[in-house]
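Thanks for making the time this morning. I would like to walk you through one protein model, and I will give the cut-offs behind each term as the term comes up.

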Amino acid sequence: MRFPFFAAVAAAVSFALPAGADSYRDTSVPIGAVPVDLDRYLGKWHEVARYPNWFERNCASPTATYSRNDDGTVKVLNACAGGRSREALATPTGPGKLEVDFFQGLPGIAKGQYWVLYVDPDYSLAVVGEPSGRYGWILSRTPGIRQSELDRATTALEKNGYDTAELVIVP
């Protein structure tokens, strides 16, 4: 995941990992994706918090925009303030689960799992992670969120085995 969803994301979703990449999740705790209405999930999301990762270094105000392709896949456009961006292709693999590929020309090089762990009923807040726990994001339809929303999102991460002490709020 480069940034958030179908990212994340988040971003969201380049999963080629350097040796020794950290895991922020206790993998003995079961992780569970929640079903999402893909049509409601599509659109622009702002990353408001994430676990540290190498591919988002120096990325300010990250966003992820998801749109449906005619073949049922999802186009992912992750962007940072200042113009840096990356496109990816996401394929739904189950309820609330996507496989994101940032290098379609090199199969398997940069694929990752993108699981929606929580989404508000109004689709204004989402939490995304993946089974290894190396990545995780809190996404919002707006650049900032209220403390009560952050509390709901961190509870979803904790429920899925994530250590929220390592979570970084995105400026």
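First, the ground rules. What you see is a predicted model, in which local features need pLDDT of at least 70 and side-chain atom pairs count only at pLDDT 80 or more, while totals for chains, interfaces and linings use all residues. Residues are numbered from 1 along each chain as its sequence is written, and side-chain values use heavy atoms, with hydrogens and water left out.

The protein has two helices and nine strands, where helices (H or I, at least four residues) and strands (E, at least two) are DSSP runs numbered from the N terminus. Along the sequence, the order is α-β-β-β-β-β-β-β-β-α-β. Of the 171 residues, 49% count as buried; buried here means under 20% relative accessible area, exposed means over 50%, and partly exposed is what lies in between, with a 1.4 Å probe and protein chains only.

Let me turn to the strands, which are said to pair if DSSP finds at least two bridges between them. Strand β1 has antiparallel pairings with β2 over four bridges, with β8 over four bridges, and with β9 over two bridges. To give you residues to look for, G43 has Y66 of β2 as its bridge partner, R50 has W137 of β8, and A49 stands opposite I169 in β9. Six of the eight residues of β1 are buried, so this strand is largely enclosed by the rest of the structure.

The hairpin of β2 and β3 has five residues between the strands, and in it G72 takes a positive phi near 95°. In the hairpin of β3 and β4, which has five residues between the strands, G82 takes a positive phi near 95°.

N58, in the loop between β1 and β2, has a phi near 60°, and at 76% relative accessibility N58 counts as exposed. S61 is found in the loop between β1 and β2 as well; its phi is positive at about 50°, and S61 is partly exposed, with a relative accessible area of 42%.

How many disulfides are there, if we count pairs of cysteine sulfur atoms within 2.5 Å? The count comes to one, joining C59 to C80 with an S to S distance of 2.0 Å. C59 lies in the loop between β1 (43-50) and β2 (63-68), and C80 in the loop between β3 (74-79) and β4 (85-94), so the pair ties together parts that are 21 residues apart in sequence. The link of C59 and C80 is left-handed, with -110° about the S-S bond, and both cysteines are buried.

Now the interior. A nonpolar core is taken as a set of buried Ala, Val, Leu, Ile, Met, Phe, Trp, Tyr and Cys residues joined through side-chain atoms within 4.5 Å. The largest such core has 23 residues, and those with the most contacts inside it are Y41, Y66, Y114 and L139. Strand β6 gives the most to this core, with three residues. A second, separate core of 17 residues includes A49, L125, V127 and I138.

Finally, helix α2, residues 147-159, has 13 residues and reaches 18 Å from its first C-alpha to its last, close to the 18 Å expected at 1.5 Å a residue, the expected span being 1.5 Å times one less than the number of residues. Which residues of α2 are buried? They are E149, L150, A153, T154, A156 and L157. These cover an arc of only 150° around the axis, which puts them on the same side of α2; the arc is that of the directions from the helix axis to the C-beta atoms. On the other side of α2, Q147 and K159 are exposed. What covers the buried residues includes β6, β7, β8 and β9, with contact meaning heavy atoms within 4.5 Å. Just after α2, G161 takes a positive phi of about 90°.

How values were computed: A disulfide is a pair of cysteine sulfur atoms within 2.5 Å.
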